[in-house]
Amino acid sequence: MKWSRSILFRGWSKFLEFGAYLGLRTQSWQSLASWGLGTILLVMVIFYGSRAGLAGGRGPVKLVVYAFSTQEEVLSQSIFPAFEQVWEAETGRELTIEAVFGPSGTLAGQINLRAPADVALLSNEQHAKWLKVGRQVKWATQPVIVSQTPMVIITRPGNPAGIAGFDDLARPGLCLLHADPRSSGAGDWAVLAEYGSKFLEADDSTAARQQLRAIWANVRLLAPSARATLTLFELGAGEALVTYEQDARLALARDVPLEIVAPPRTIVAQHVAVLVDANVTPAERPAAQALIDYFLSEAGQQAFSQYQLRPASGPAGTFPPLVESFTVEALGGWSQAYADLVEALWQQEIEPRLALDSPIRVLEAKGE
């Protein structure tokens, strides 16, 4: 553009000299000159903008996706490769998807610190709201539910502790593992399940709070994500944990020795995808939106199902029926449930009283 600016300024000087030569009055000529300069600048902006747009429309695209930990297999092994092929076949443009996986809350915090995510797949709607508060996602941009999975309990094979529901986790003497609600969406969902199961059974918030406190009195280890918590369990730590049905069934498919307990009354976790408006460029936006649309397509939903996630809506297919499941709406929605149960009850009252052990000590005790 340097040569263009040079020509523009030389032409502008000649334009002014020509006006002086004609003897036009200064004010009239300046008005005409301003109009002429504005017209020239507008033409140049349109010309070079259209060239850049055409170049962007023809060139390769790279998307960066941040997704919570338990989605690594379905995205890396199935959805991303399939969508790249679909996109390239439909547009003729090369597409590369780079992914970062980790605890949902941690990822949301990183994006708010300007991590370069174009699309975020988060464990819950609350974490998407954090991105709006952090001005990374516009308030008008709505996250969409792309998959669902109920919260279940994992125990040792044969269920030696005789656990049938969340109330059994409150029995004194159990050694429980738990995903950390400060970093993990699974930790948030588990808190809501542990509280909500009693609240909806008895319509008694006091009894529900007592159950949540009693369950957490048995928690001995916290891990940053659902996947990290399951890894500790696989290594021999703890007697039980609350996690996604998806991750429990994937572990069974890997021949991890465990038993899945499906409480009759449990919450259904709903996972969301959202465009990160602050990062996605005009050239990337069509591919980013198409990826989210693919999540919801028949092919995308089938891929999620093959990796043990229930569909975003509609029949559950071959998954076991849920008896008395509920959603976060039964607890007032995410804003109210997070403020009342995670921030006020768990963070301020329960967390300071936790009696946690080190992973090494728990594993050594298991080996004795």
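## Helices and their neighbours

Of the 368 residues in the protein chain, 48% are buried, where buried means under 20% relative accessible area, exposed over 50% and partly exposed in between (1.4 Å probe, protein chains only). This is a predicted model, so local features need pLDDT of at least 70 and side-chain atom pairs count only at pLDDT 80 or more, while totals for chains, interfaces and linings use all residues. Residues are numbered from 1 along each chain as its sequence is written, and side-chain values use heavy atoms, with hydrogens and water left out.

The protein chain has 13 helices and nine strands; these are DSSP runs numbered from the N terminus, with helices being H or I of at least four residues and strands E of at least two. Take the contacts in the protein chain with a separation of 6 or more: 77% of them come from residues 24 or more positions apart. Contact here means heavy atoms within 4.5 Å.

Here are two helix pairs side by side. Axes are lines fitted to C-alpha atoms, for helices over the stretch in contact, and angles run from 0 to 180 degrees between N-to-C directions.

| Helix pair | Angle | Axis separation |
|---|---|---|
| α6 and α7 | about 140° | 8 Å |
| α3 and α11 | about 140° | 10 Å |

With that angle, α3 is oblique to α11, and α6 and α7 are oblique to each other too. (Angles under 35 degrees count as roughly parallel, over 145 as roughly antiparallel, 65 to 115 as roughly perpendicular and the rest as oblique.)

On the α6 side, the residues in contact include Val191, Tyr195 and Phe199, and α7 brings in, among others, Leu212, Ile215 and Trp216. By class, that contact has eight nonpolar, three polar and three charged residues. (Ala, Val, Leu, Ile, Met, Phe, Trp, Tyr, Cys and Pro count as nonpolar, Asp, Glu, Lys and Arg as charged, and the others, Gly among them, as polar.)

Helix α3 also passes α11 in a right-handed crossing. Val74, Ser78 and Ile79 of α3 meet Gly300, Ala303 and Phe304 of α11, giving four nonpolar, two polar and no charged residues.

So which residues of α11 are buried? They're Gly300, Gln301, Ala303 and Phe304. Seen down the axis of α11, these fall within an arc of 155°, so they line one face of the helix; the arc is that of the directions from the helix axis to the C-beta atoms. Their cover includes α3 (72-91), β4 (144-155) and α10 (285-296). Turned away from that buried side is a face with the exposed residues Glu298 and Gln306. After α11 comes Gln308, with a positive phi near 70°.

Now for two single residues. Arg285 belongs to helix α10 and counts as partly exposed at 30% relative accessibility. Not counting residues up to four places away in sequence, Arg285 touches Leu275, Asp277 and Val280. Between Arg285 and Val61 there are 9.8 Å from C-alpha to C-alpha, though they're 224 residues apart in sequence.

Key:
A crossing is left-handed if the near helix is turned anticlockwise from the far one by less than a right angle, and right-handed if clockwise.
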